[in-house]
Amino acid sequence: MFVKNCRLGQHNLGKRSGVSSTSAKRRCHPAEATALPKKHLYAEGAEEGLLLYSLLMSNQWQSRDHAANYLTRAQVLPHRDKAEAALLELIQQRVPSLTQVLDLGTGNGHTLALIFQDYPKARGIALDFSPFMLEQAKERFSNNPAVRILQHDLDTPLHSCTNDEIQGPFDLVVSSFAIHHVDDTRKQALYQEIYDRLRPGGFFANLEHVASPTQALHEEFLAIIKAEEDPSNQLANVENQLSWLRNCGFSGVECYWKWREIALLAGTRPA
Ligand SMILES: C[S@@+](CC[C@H](N)C(=O)[O-])C[C@H]1O[C@@H](n2cnc3c(N)ncnc32)[C@H](O)[C@@H]1O
């Protein structure tokens, strides 16, 4: 997908997807794109702005192909095993006993299944909005009545979900490579909704795709993982996300593990 260069406020937005072209004047770093107030995107020509905004920000995860392609590529994502080992170790340290866990953007339930290996008696909610992913999760947990599969769009508040079980309280809320698909305002609101659904002493762990500090480092990351730009991504940097978590009231907020754009951000709701 290509977006032609055009001037919008003070930003030059070049080709958005693909990392191979050197001809684009300057492409918009994902962090910049998501930081752009909508008014800039609409500033010079409403139609062009609207088209560009939807191209930049479109969440493609409800497409079966997009989801299936991820499931193939996720298996070979560099350092995913180390990131998950860090996640599981941290959960074991912070959550001595786990009764109820919520997994936001569960995909095929991969992360939840790892957690159940350590906490076989736990009950869990696997939440996603992609019909394809929900089918995969249903299949994975077909023999586990302790898992509830829920369809919900994270762009809308958790309290709007019709299923009351989403209201918690949870001992653990976990998310893996999912929350970066909502915009930064929604991320902050979602962090508060997560906090509100944790029991006192409960833990939130977000293994996340975060923004690089520069466009060059972002392109290097994409080259290393052999990926193209994903227009569904709305990456936020680690520092901002840690401060959003602290603002919600979380304690022990830290980036517990990081490799390039993959980071483990976590915090506890004080007891
Ligand atoms: C990169 S995949 C990660 C899946 C899984 N957590 C994992 O680690 O393999 C992102 C997941 O987030 C889900 N997702 C993206 N945007 C969402 C939204 N607005 N609401 C709910 N789920 C969303 C996608 O459907 C997809 O399953």
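This is a predicted model: local features need pLDDT of at least 70, side-chain atom pairs count only at pLDDT 80 or more; totals for chains, interfaces and linings use all residues.
Local features were taken at pLDDT of at least 70 and side-chain atom pairs only at pLDDT 80 or more, whereas totals for chains, interfaces and linings use all residues. Residues are numbered from 1 along each chain as its sequence is written.

The protein chain has 10 helices and nine strands, where helices (H or I, at least four residues) and strands (E, at least two) are DSSP runs numbered from the N terminus. Buried residues account for 37% of the 271 residues in the protein chain; a residue is buried if 20 or more other C-beta atoms lie within 10 Å of its own, exposed if 12 or fewer, and partly exposed in between, with C-beta atoms placed from the backbone. Among contacts in the protein chain with a separation of 6 or more, 66% join residues 24 or more positions apart, two residues being in contact if their C-beta atoms, placed from the backbone, lie within 7 Å.

Seven strands form an open sheet of mixed pairing in the order E5-E4-E3-E6-E7-E9-E8; two strands pair if DSSP finds at least two bridges between them. Strand E5 (147–151) and E8 stand at the edges with a single partner strand each, so one side of each is left without a neighbour in the sheet. The twist averages 15° from one strand to the next, with axes fitted as lines to C-alpha atoms, for helices over the stretch in contact, and angles running from 0 to 180 degrees between N-to-C directions.

Within this sheet, seven of the seven residues of strand E6 (residues 170–176) are buried. E6 pairs in the parallel sense with strand E3 (residues 100–104) over four bridges, and Asp 103 stands opposite Val 174 in E6. Pairing of E6 with strand E7 (residues 198–209) is also parallel, over six bridges; the bridge partner of Phe 170 in E7 is Leu 198. In the loop between E5 and E6 lies Pro 169, which is joined to Gly 168 by a cis peptide bond with omega of about 5°. Phe 177, in the loop between E6 and H8, has a positive phi near 55° and is buried, with 21 other C-beta atoms within 10 Å.

E8 and E9 pair in the antiparallel sense over six bridges, and Cys 255 has Leu 265 in E9 as its bridge partner. Arg 260, in the loop between E8 and E9, has a positive phi near 50° and counts as partly exposed, with 17 C-beta neighbours inside 10 Å.

Helix H10 lies across E8 and E9, running at about 15° to E9. The buried residues of H10 (residues 238–248) are Gln 241, Trp 244, Leu 245 and Cys 248. These residues cover an arc of only 100° around the axis, which puts them on the same side of H10; the arc is that of the directions from the helix axis to the C-beta atoms. Their cover includes helix H8 (184–197), strand E8 (251–259) and strand E9 (262–268). Glu 239 and Ser 243 are exposed on the other side of H10. Just after H10, Gly 249 adopts a positive phi of about 115°.

Of the 22 residues around the ligand, Gly 105, Gly 107, Ser 130, Ser 176 and His 181 come nearest; a residue is near a molecule or strand if its C-beta atom, placed from the backbone, lies within 6 Å of it. Helix H4 (64–74) and helix H6 (110–118) are the elements that give two or more residues to this shell, and H4 gives the most, with three residues.
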